[in-house]
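Please load the model in the viewer and keep the selection panel at hand.

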Amino acid sequence: MNLRGALRPKPIGSTEMIADALRDAICSGEIPPGAPLKQDEIAAEFSVSHTPVREALKALVSEGLAVLHHNRGCFVSDLSSVVARELMEFRAILEPRLAGWAIDHLTERDIEQARLLMAKIDRTSNPAQRLRIATEFHTVIYTRANRPFFLEQISRARNNLNRYWRLAWGDQKFPVSTQNEHQEILDFCVSRDRTGLMTLIEQHIMTSGEVVLQYLQRMETDQMGHP
């Protein structure tokens with residue numbers, strides 16, 4: 001696996017850099033569910049000792065992206081409709097609160113940036129890119145809440161969920177309703193309608209999430225029927 005293309009600007013060979021690279025590769029599907037995360041290979045890839053690799057893998061385990069099996073090693077976590085539902089419920093609780101805190105602090109520049117991101121979504125057909133841009137759209141709004149801990153937890157949940165979105169949207173079109181709801185979210189931001197915004201974001205997360213849940217449930221049913 002080639003992880004260097006997934007790097008973000010972090011100190012070379014640091015735990016954070018390695019964790020970011022692995023996280024991006026897992027969420028993009030480059031490293032598939034169930035794949036082993038071998039310390040020797042990762043250490044060789046980055047020309048580092050095992051220590052930062054072990055710490056990076058611990059971070060991924062804590063985020064639910066990897067699992068540690070005793071005497072077997074570390075593996076990318078499998079996809080599960082149960083996990084996906086919990087992650088969506090987690091987002092549906094926290095993200096409306098963030099939006100509510102943010103709404104009075106949004107600037108005209110924030111609104112314009114969100115509009116530009118929506119236009120980029122319309123011009124992009126690649127599922128992974130659409131997910132990335134959609135995340136940027138929401139982040140533009142939530143950042144104004146000035147709640148970095150909340151934002152970090154939501155980012156972790158989104159990272160995990162993106163694996164599910166990519167799988168489901170790889171087989172079907174990006175839901176038109178998702179973009180319509182992005183426009184409605186922006187309209188509520190402009191009108192400073194806190195109640196409408198919070199209600200819509202909760203609905204947006206759960207209804208769009210049903211696409212993923214239904215896909216996963218069909219996949220799990222097929223797997224049970226074909227051992």
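This is a predicted model: local features need pLDDT of at least 70, side-chain atom pairs count only at pLDDT 80 or more; totals for chains, interfaces and linings use all residues.

Residues are numbered from 1 along each chain as its sequence is written, and side-chain values use heavy atoms, with hydrogens and water left out.

**The whole chain**

Colour the chain by secondary structure. Nine helices and two strands are present; helices (H or I, at least four residues) and strands (E, at least two) are DSSP runs, numbered from the N terminus. Read from the N terminus, the order of elements is α-α-α-β-β-α-α-α-α-α-α. Of the 227 residues, 44% count as buried, where buried means under 20% relative accessible area, exposed over 50%, and partly exposed in between (1.4 Å probe, protein chains only). Among contacts (heavy atoms within 4.5 Å) between residues at least 6 apart in sequence, 73% join residues at least 24 apart.

**Stop 1: Trp-101 and Phe-150**

Select Trp-101 and Phe-150 and display their rings. Rings of Phe, Tyr and Trp (its six-membered ring) pair if their centres lie within 6.5 Å; planes under 30 degrees apart count as stacked, over 60 as edge-to-face and the rest as tilted. The count by this rule is one aromatic pair. Trp-101 and Phe-150 form that pair edge-to-face, at 5.2 Å centre to centre and with 85° between the planes. Trp-101 belongs to helix H4 and Phe-150 to helix H7 (residues 148–169), so the pair ties together parts that are 49 residues apart in sequence. Trp-101 is partly exposed at 25% relative accessible area, and Phe-150 is partly exposed at 27%.

Arg-147 lies over the face of Trp-101, 4.1 Å from the ring centre; a charge sits over a ring if NZ of Lys or CZ of Arg is within 6 Å of the ring centre and within 35 degrees of the ring normal.

**Stop 2: helix H7**

Move along H7 to Arg-156 and Asn-159. Leaving out residues up to four places away in sequence, Asn-159 touches Arg-23, Cys-27 and Leu-65, and Arg-156 touches Ser-62 and Glu-63. Arg-156 and Arg-23 are 133 residues apart in sequence, yet their C-alpha atoms are 9.8 Å apart.

**Stop 3: Ser-77**

Select Ser-77, in the loop between strand S2 (73–76) and helix H4 (81–102). Ser-77 counts as buried at 6% relative accessibility. Beyond its neighbours within four places in sequence, its contacts are Pro-33, Gly-34, Gly-64, Leu-65, Ala-66, Val-67 and Arg-163.

**Stop 4**

Select residues 108–123, which form helix H5. Its 16 residues should span 22 Å at 1.5 Å a residue, and the end C-alpha atoms, 23 Å apart, agree; the expected span is 1.5 Å times one less than the number of residues. The buried residues of H5 are Asp-110, Ile-111, Ala-114, Leu-117, Met-118 and Ile-121. They cover an arc of only 120° around the axis, which puts them on the same side of H5; the arc is that of the directions from the helix axis to the C-beta atoms. The face turned away from this buried side carries the exposed residues Glu-108, Arg-109 and Arg-123.

Next, select helix H6 (residues 127–142), whose 16 residues reach 23 Å from first C-alpha to last, close to the expected 22 Å. Its buried residues include Arg-130, Phe-137, His-138 and Ile-141.

**Stop 5: Cys-189**

Finish at Cys-189 in helix H8 (residues 176–191). Cys-189 is buried, with a relative accessible area of 1%. Apart from residues up to four places away in sequence, Cys-189 touches Ile-103, Leu-106, Ile-111, Ile-141 and Leu-197. Asp-104 is 85 residues from Cys-189 in sequence and 8.5 Å away in space, C-alpha to C-alpha.
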